[in-house]
Amino acid sequence: MLLLLFILLQILNLSSTIPVSYIDLSHTIDPSIPYFPSQTRFNFTQRFVQWVNEENSYFYSTNSFITGEHMGTHIDAPYHFSPTGWKVDEIPLKNLISVHARLIDVSKQCKKDKNYLITIDDVKKASLTIPEIDEDTGETFLFTLIFYTGWTKYWPDQTSYAGGESHLEFPGLSEELAIYLVNTYGDNLVGVGLDTLSTDYGQTKTYPVHQILAKHNKYGLENLALVDNLITNVGKNFFTLDIFPMKIGNGTGAPCRVLARINSIRKNTTNWFGL
């Protein structure tokens with residue numbers, strides 16, 4: 001608990017000489033959001049009461065909800081597809097808070113093919129260079145790779161975003177790419193994210209990408225709200241990601257708040273905003 005408090009204070013206590021912008025990459029959870037057919041849909045019940053007596057009156061409100069772990073913007077813990085992988089409450093904070101992130105735009109490919117499988121070439125063309133050591137901490141450079149498919153524009157329409165319940169359609173990573181990522185980036189890569197229902201594409205039957213990532217203790221971020229403001233500002237530069245999942249004991253996944261933290265002035269980086 002003290003460690004988390006320290007990290008949060010560090011985030012909030014940034015130098016005034018480096019202005020910071022926060023972009024919320026999380027969708028609001030409500031009963032109308034798109035869902036994976038195998039998941040328990042988000043069910044929300046509101047309750048409020050007004051108490052009035054001779055001495056005072058006040059309003060009281062409380063709510064209850066039922067939901068599957070993998071609803072809305074959420075994290076897939078490695079345990080989701082690996083019995084030896086981390087559960088949600090076991091993922092190290094260093095893999096979630098102040099982690100580096102890089103965005104790769106595959107929206108043109110996905111616009112042509114709604115079942116597009118993101119390829120190794122898509123990553124190679126992005127000229128992704130990963131340092132072994134984080135110059136700010138002196139420790140291993142940890143990063144999450146995020147793919148922008150353009151699917152956020154379809155949210156929250158279930159059919160446009162996910163396809164039919166018996167015939168899901170949306171882009172995802174190819175099996176070959178998943179193998180390439182874990183083999184190429186090793187411990188530097190802590191997770192993969194995208195703006196669709198799943199890291200595997202909609203028509204998969206065996207979920208190979210989930211299996212590969214989980215086997216190597218990489219988490220997945222799904223249903224990210226990849227807004228235009230993020231795409232415009234980060235380009236091919238790294239930015240900082242803060243991921244706050246619900247700490248579910250034995251959890252295979254959890255809804256989470258995901259924030260992009262962008263410094264308008266970055267050390268040893270020029271033309272951050274293309275100026």
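User: Is Asp-242 buried or exposed?
Analyst: Asp-242 counts as buried, because its relative accessibility is 1%. Buried means under 20% relative accessible area, exposed means over 50%, and partly exposed is in between (1.4 Å probe, protein chains only).

User: Before I go on, what am I looking at, and what are the ground rules?
Analyst: This is a predicted model, where local features need pLDDT of at least 70 and side-chain atom pairs count only at pLDDT 80 or more, while totals for chains, interfaces and linings use all residues. Residues are numbered from 1 along each chain as its sequence is written, and side-chain values use heavy atoms, with hydrogens and water left out.

User: OK, back to Asp-242. Which side chain does it meet in a salt bridge?
Analyst: That of Arg-261, at 2.9 Å from N to O. A salt bridge here is a side-chain nitrogen of Lys or Arg within 4 Å of a carboxyl oxygen of Asp or Glu. The pair links strand β14, which holds Arg-261, to strand β13, which holds Asp-242, and the two are 19 residues apart. Helices (H or I, at least four residues) and strands (E, at least two) are DSSP runs, numbered from the N terminus. Arg-261 is buried as well, because it has 7% relative accessibility.

User: How many salt bridges in the whole structure?
Analyst: Three. One of them joins Asp-24 and Arg-257 at 2.8 Å, N to O. Asp-24 is in strand β1 and Arg-257 in strand β14, 233 residues apart. Asp-24 is partly exposed at 31%, and so is Arg-257 at 48%.

User: And Glu-169, what does it pair with?
Analyst: Lys-114, at 3.9 Å from N to O. Glu-169 is in the loop between β9 and β10, and Lys-114 is in the loop between α2 and β6, 55 residues away. Lys-114 is partly exposed, with a relative accessible area of 43%.

User: Switching topic: how many disulfides does a search find?
Analyst: Zero, across the whole structure. A disulfide would be a pair of cysteine sulfur atoms within 2.5 Å. Cys-110 is buried at 1% relative accessibility, and Cys-256 is buried at 8%.

User: Now the packing. Which residues touch the most other members of the largest nonpolar core?
Analyst: Val-123, Phe-143, Phe-147, Leu-173, Leu-181 and Tyr-185, out of 39 residues in that core. The largest share, six residues, comes from α5. A nonpolar core is a set of buried Ala, Val, Leu, Ile, Met, Phe, Trp, Tyr and Cys residues joined through side-chain atoms within 4.5 Å.

User: What does Val-123 touch?
Analyst: Ile-104, Leu-128, Phe-147, Leu-177, Tyr-180, Leu-181 and Tyr-185, leaving aside neighbours within four places in sequence. Contact means heavy atoms within 4.5 Å. There is also a second, separate core of 30 residues, which includes Ile-75, Ile-91, Val-190 and Tyr-219.

User: What do the buried residues of α5 pack against?
Analyst: β6, α3, β7, β10, β11 and α6. The buried residues of α5 (175-185) are Leu-177, Ala-178, Tyr-180, Leu-181, Val-182 and Tyr-185.

User: How covered is α6?
Analyst: Mostly: six of its eight residues are buried. The cover over those buried residues includes β4, β10, α5, β11 and β12.

User: Last one: where does Met-71 lie?
Analyst: In the loop between β3 and β4. Met-71 is buried, because its relative accessible area is 1%. Its contacts include Ile-29, Tyr-35, Phe-42 and Pro-255. Ala-254 is 183 residues away from Met-71 in sequence, yet their C-alpha atoms are 7.8 Å apart in space.
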